[in-house]
Amino acid sequence: MRVGVISDTHIPERAKELPKEIYEAFKNVDLILHAGDLITIDVLESLKKICPVKAVYGNMDNAQVKETLNDKEVITVNKFKIGLMHGQGHPANLISFVKNSFKQNLDVIIFGHSHTALC
């Protein structure tokens, strides 16, 4: 199974819609994980045209997104448990905040908020 990961799309604040490059990058994935700050639910609907999507809300999301999504999820993909959340607060404390937000053992935690890639 191929999983696409995205976060902090900030649509329509940063762009009117998802860039074509996103559709191209995700055309062969089986699942998309969005780690929050979609801003509007339209982003979720656009991604669902590609394949199934699991998403969480972020601090910048509107009320409709926050009513539709949870602040964190645990998703099982094959034998892997993945924690998905946006994150909050100052970047210096973000990793410990995210780690402490999940009580169970996870194989991977995916988060956004910092706008910085980290592995």
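Which charged end sits over the ring of Phe102? Good morning, everyone. In this predicted model, the answer is Lys72: its charged end lies over that ring, 5.5 Å from the centre. Although a ring takes part in this arrangement, the structure holds zero aromatic pairs.

Let me turn to the sheet. Three strands form an open sheet in the order β4-β5-β6, and their pairing is mixed. The edges are β4, covering residues 72-77, and β6, covering residues 108-111; each of these strands pairs on one side only. On average, neighbouring strands of this sheet are turned by 25° against each other, with direction ignored. Strand β5, residues 80-85, runs parallel to β6, and the two pair over four bridges. Within this region, Met85 stands opposite Phe111 of β6.

What packs on this sheet? Helix α4, residues 91-101, does so, and touches β4, β5 and β6. The direction of helix α4 makes about 125° with that of β6.

Ile32 deserves a separate word. Leaving aside neighbours within four places in sequence, Ile32 is in contact with Gly4, Ile6, Phe26, Leu47, Ile50, Cys51, Pro52, Val53 and Lys54.

Finally, please locate Val65, which is found in helix α3, residues 63-68. Is Val65 buried or exposed? Val65 counts as buried because its relative accessible area is 0%, and buried means under 20%. Which residues does Val65 touch, not counting those up to four places away in sequence? They are Leu38, Ile39, Thr40, Ile41 and Tyr57. As for Asp42, it stands 23 residues from Val65 in sequence, while their C-alpha atoms are 9.3 Å apart in space.

To close, I return to the opening question: the charged end over the ring of Phe102 belongs to Lys72. Thank you for your attention.

Conventions
Residues are numbered from 1 along each chain as its sequence is written. This is a predicted model: local features need pLDDT of at least 70, side-chain atom pairs count only at pLDDT 80 or more; totals for chains, interfaces and linings use all residues. Side-chain values use heavy atoms; hydrogens and water are left out. Two strands pair if DSSP finds at least two bridges between them. Axes are lines fitted to C-alpha atoms, for helices over the stretch in contact, and angles run from 0 to 180 degrees between N-to-C directions. Contact means heavy atoms within 4.5 Å. Rings of Phe, Tyr and Trp (its six-membered ring) pair if their centres lie within 6.5 Å; planes under 30 degrees apart count as stacked, over 60 as edge-to-face and the rest as tilted. A charge sits over a ring if NZ of Lys or CZ of Arg is within 6 Å of the ring centre and within 35 degrees of the ring normal. Buried means under 20% relative accessible area, exposed over 50%, partly exposed in between (1.4 Å probe, protein chains only).
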